[in-house]
Amino acid sequence: RYAANMGVYIDGEPGVCTNAQGTQLVYRLFFAPRYDPATKYPLVLFWHHSGCVGNNNVSQLANVGQFCFLTASNQAKSPCFFLAPQMPKVPSNRAEGYSFLDCATNLLGQLMGQFSIDPARIYVTGTSLGGNSSWFMLAGYPDLVAAVVPMSASWMWLSLQDFLRSLSLPVWHFHAANDATALVSNADATVAGL
């Protein structure tokens with residue numbers, strides 16, 4: 001559905017994915033306009049910030065800029081699928097965070113089996129907690145991800161710096177210098193680690 005007043009395609013297809021361990025993620029999938037199965041499309045996976053956790057399958061759609069991918073002009077120039085999962089809670093540790101990512105990667109596999117999604121063009125982005133999740137996806141699933149765009153991510157990757165240095169995937173990291181919530185010094189250390 002197209003919201004003319006915002007110039008954005010809204011109300012993605014809702015769904016739920018469950019991994020082998022029983023972790024569940026609700027999500028919204030936005031299709032490329034005028035989807036043609038004969039064409040391979042990129043997919044952008046967007047991870048939300050911590051204020052959007054839950055299972056209502058709506059909060060992760062709070063517009064913090066991610067809908068730039070869904071504007072009519074951008075979809076006309078660069079049609080893509082857009083996937084917005086919702087984490088049920090802020091992960092309490094790395095293992096729990098990876099269980100959410102595992103569920104999302106399982107979902108990506110299912111979607112690539114159902115739709116004409118180019119497996120070489122899976123892009124991951126997110127803000128704050130979602131920016132951290134972008135880094136985790138880069139580290140945990142480098143063969144699945146084509147590039148990451150973490151935003152306002154403040155995770156300090158001390159134990160993963162050597163691993164991240166060995167990766168050749170593109171990263172475009174954004175962080176406001178005056179961010180009062182997520183420490184830009186940690187983001188700077190992560191980028192320096194690369």
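**Secondary structure.** The model is a predicted one. Reading from the N terminus, I noted the order β-β-β-β-β-α-β-α-β-α-β-α-α.

**Burial and surface.** I then turned to the chain totals. The chain has 194 residues, and 48% of them count as buried. I recorded an accessible surface of about 9,200 Å², with 56% belonging to carbon and sulfur atoms. For contacts between residues at least 6 apart in sequence, I found that 68% join residues at least 24 apart.

**The sheet.** I traced an open sheet of six strands, ordered E3-E4-E6-E5-E7-E8, with mixed pairing. I located strand E3 (13-18) and strand E8 (147-151) at the edges; each has a single partner strand, so one side of each lacks a neighbour in the sheet. From one strand to the next, I noted an average twist of 25 degrees.

**The E5-E7 pair.** I examined strand E5 (residues 41-47) against strand E7 (residues 117-127) and found them paired in the parallel sense over six bridges. I looked up Leu 43 and identified Ile 122 in E7 as its bridge partner.

**Helices on the sheet.** I checked helix H2 (residues 94-114), which packs on the sheet and touches E3, strand E4 (24-30), E5, strand E6 (81-86) and E7. The direction of H2 makes about 160 degrees with that of E5. I next checked helix H3 (residues 129-140), which also packs on the sheet, touching E5, E7 and E8. For H3, I recorded an angle of about 140 degrees between its direction and that of E7.

Key: Residues numbered from 1 in each chain as written. Predicted model: local features only at pLDDT ≥ 70, side-chain atom pairs only at ≥ 80, totals over all residues. Heavy atoms only, no water. Helix = DSSP H or I, 4+ residues; strand = E, 2+ residues; numbered from the N terminus. Buried < 20%, exposed > 50% of the residue type's maximum accessible area, 1.4 Å probe, protein only. Contact = heavy atoms within 4.5 Å. Areas by Shrake-Rupley, 256 points an atom, 1.4 Å probe, with all protein chains shown as cover. Pairing = 2+ DSSP bridges. Axes fitted to C-alpha atoms, helices over the stretch in contact; angles between N-to-C directions.
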